[in-house]
Amino acid sequence: MTAFGKLIRTTAFRLTLVYLFLFALFAASLLGYFAWNTRRMINEQITATVNAEIAEIETIYERRGLQGLALTLGRRTLRPGANLYLVTTPAGTAFGGNVESLSPGVMASSGWSETAYRRLDEQDTAHHRALVRVTQLNNGFRLLVGRDLDERRRLFGIVAKAAQWSLLVVIVLGLGGGIFVARRVLRRIDAMTGTTRRIMAGDLSGRLPVGRSGDELDRLAENLNAMLERIEALMMGLKEVSDNIAHDLKTPLTRLRNRAEEALASSGSEAEYRAALERTIEESDGLIRTFNALLMIARAESGQARGNMDDFDAADVAKGIHELYEPLAEDDGLTLRVKAAPSALHGNRELISQALANLVENAIKYGKPDPTVQPLDAAVAARSKEILIEARREGDSVLLSVTDHGPGIPEGDRKHAVERFVRLEASRTLPGSGLGLSLASAVATLHGGELRLGDAHPGLVATLAIPARAASGDRLAAQTPDVPQKVA
């Protein structure tokens with residue numbers, strides 16, 4: 001398709017043609033009304049002038065008879081102007097005036113008419129148009145008084161020529177403006193089309209151009225760019241997950257296969273077979289937990305869990321997690337405390353409970369104090385083994401935090417620590433998959449909040465900061481048990 005063909009097919013050009021047609025129609029209607037109104041005003045002026053003259057001539061005729069009528073017409077015909085006068089006898093013979101010829105039948109009937117005429121004092125034989133009135137005098141004489149319409153014709157011609165030029169200018173400017181607007185829009189659409197083709201070819205980094213006008217195309221481009229950024233982030237996350245699964249799950253799957261092969265190859269007793277099967281089941285459970293965590297992260301990041309939002313008290317979640325994990329903390333020689341104030345929250349209770357459970361599990365697993373550092377007194381030693389779960393309202397947000405006094409996470413590694421399958425050097429010797437903080441971060445993002453990692457001096461403070469958005473009256477959801485899945 002040629003450039004001109006693309007141009008005339010654009011919506012902007014077609015809309016310009018429609019508006020041009022409507023504007024030209026409006027302008028033509030306006031000029032037509034002006035011409036018609038001008039014609040009417042001229043006719044009214046001629047009518048008023050002729051009626052006044054007829055009344056005056058009739059008065060003179062009644063007072064002074066034919067002689068006064070002849071003298072009056074003689075004087076008036078000598079005046080410069082476009083007035084017409086004619087008096088005929090009952091037999092139809094001209095008695096006086098300045099009209100040589102008229103259209104047939106004009107003098108036969110009284111009243112107004114528009115007729116062709118020729119004056120006595122004109123040298124050419126051309127006929128003109130006039131608006132005349134014929135009235136019957138006493139004794140059968142007829143009087144015609146009229147006015148030439150050449151002035152009306154000239155004025156109408158001026159209006160018609162102005163209308164023609166105006167319409168021509170409107171059409172030229174309209175087409176020029178339409179082509180300019182269409183070309184401008186077409187350039188922007190072509191730029192967007194080129195970007196979309198690069199994106200369809202696999203270059204997800206392409207973005208639509210955004211101008212400075214802030215018009216609807218700019219707003220559309222901004223929204224599409226935001227969508228493309230989200231798609232790019234999701235695709236990168238999918239690629240990272242695929243790479244991480246291929247890398248991090250290869251080892252447990254290989255270990256699982258080797259154990260099964262070893263059990264088959266060995267000719268051990270039934271107890272050895274049972275032990276091998278138990279280790280296989282335990283390894284399989286770990287893989288299932290990893291995949292469940294990945295699925296839960298994917299649900300949170302895609303927003304699929306927004307349909308299960310409800311109102312509940314964050315303090316009840318904190319207390320439930322404390323009750324669930326307190327025995328596990330005691331088995332590891334730690335003390336798990338809870339400090340919770342009523343905090344109305346609107347969200348997915350199951351996911352928030354799972355995220356908080358992950359933070360508590362991480363604190364129990366990695367938050368043990370350094371055994372090589374001996375505390376100065378018993379109070380400090382007891383405090384170093386304490387893990388605190390807090391739930392409180394702060395402004396428009398609800399904070400769910402877990403504080404331990406272990407080695408913590410260096411500030412430079414905190415951003416990296418929330419990525420999938422990431423395990424820092426200090427935690428590589430302990431069992432786990434590196435998905436706990438990733439899930440907590442995804443749950444916080446799903447609710448419009450964030451996961452904050454801070455320093456407890458010593459230790460780590462992991463906080464879920466979630467906008468409250470509590471319903472009116474601080475309605476709380478019915479209590480449901482918080483039984484999170486185990487995510488390492």
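Student: Which residues touch the most other members in the largest nonpolar core of this predicted model?
Tutor: In soluble globular proteins, nonpolar side chains tend to be buried together. In this predicted model, the largest nonpolar core has 41 residues. Those that touch the most other members are Ile321, Leu356, Leu359, Val360, Leu400 and Leu464.

Student: Which element gives the most to this core?
Tutor: At least two residues of this core come from each of H7, helix H8 (349-366), E10, E11, helix H11 (436-446), E12 and strand E13 (460-467). The element that gives the most, with nine residues, is H8.

Student: How far apart in space are Ser397 and Ile466, C-alpha to C-alpha?
Tutor: Ser397 has its place in strand E11. Leaving aside neighbours within four places in sequence, Ser397 is in contact with Arg392, Ile466, Pro467 and Ala468. Ser397 and Ile466 are 69 residues apart in sequence, but their C-alpha distance in space is 5.4 Å.

Student: Is Arg118, which meets Glu100 in a salt bridge, buried or exposed?
Tutor: The side chains of Glu100 and Arg118 meet with an N to O distance of 2.8 Å. Glu100 lies in strand E3 and Arg118 in strand E4, so the pair ties together parts that are 18 residues apart in sequence. Glu100 is partly exposed, at a relative accessible area of 39%. Because buried means under 20%, the value of 16% makes Arg118 buried.

Student: How many residues apart in sequence are the parts tied together by Arg152 and Glu114?
Tutor: Arg152 forms a salt bridge with Glu114, and their closest N and O atoms are 3.3 Å apart. Arg152 is buried, with a relative accessible area of 9%, whereas Glu114 counts as partly exposed at 35%. Arg152 lies in helix H3 (residues 150-200) and Glu114 in strand E4, so the parts tied together are apart in sequence by 38 residues.

Conventions
Residues are numbered from 1 along each chain as its sequence is written. This is a predicted model: local features need pLDDT of at least 70, side-chain atom pairs count only at pLDDT 80 or more; totals for chains, interfaces and linings use all residues. Side-chain values use heavy atoms; hydrogens and water are left out. Helices (H or I, at least four residues) and strands (E, at least two) are DSSP runs, numbered from the N terminus. Contact means heavy atoms within 4.5 Å. A nonpolar core is a set of buried Ala, Val, Leu, Ile, Met, Phe, Trp, Tyr and Cys residues joined through side-chain atoms within 4.5 Å. Buried means under 20% relative accessible area, exposed over 50%, partly exposed in between (1.4 Å probe, protein chains only). A salt bridge is a side-chain nitrogen of Lys or Arg within 4 Å of a carboxyl oxygen of Asp or Glu.
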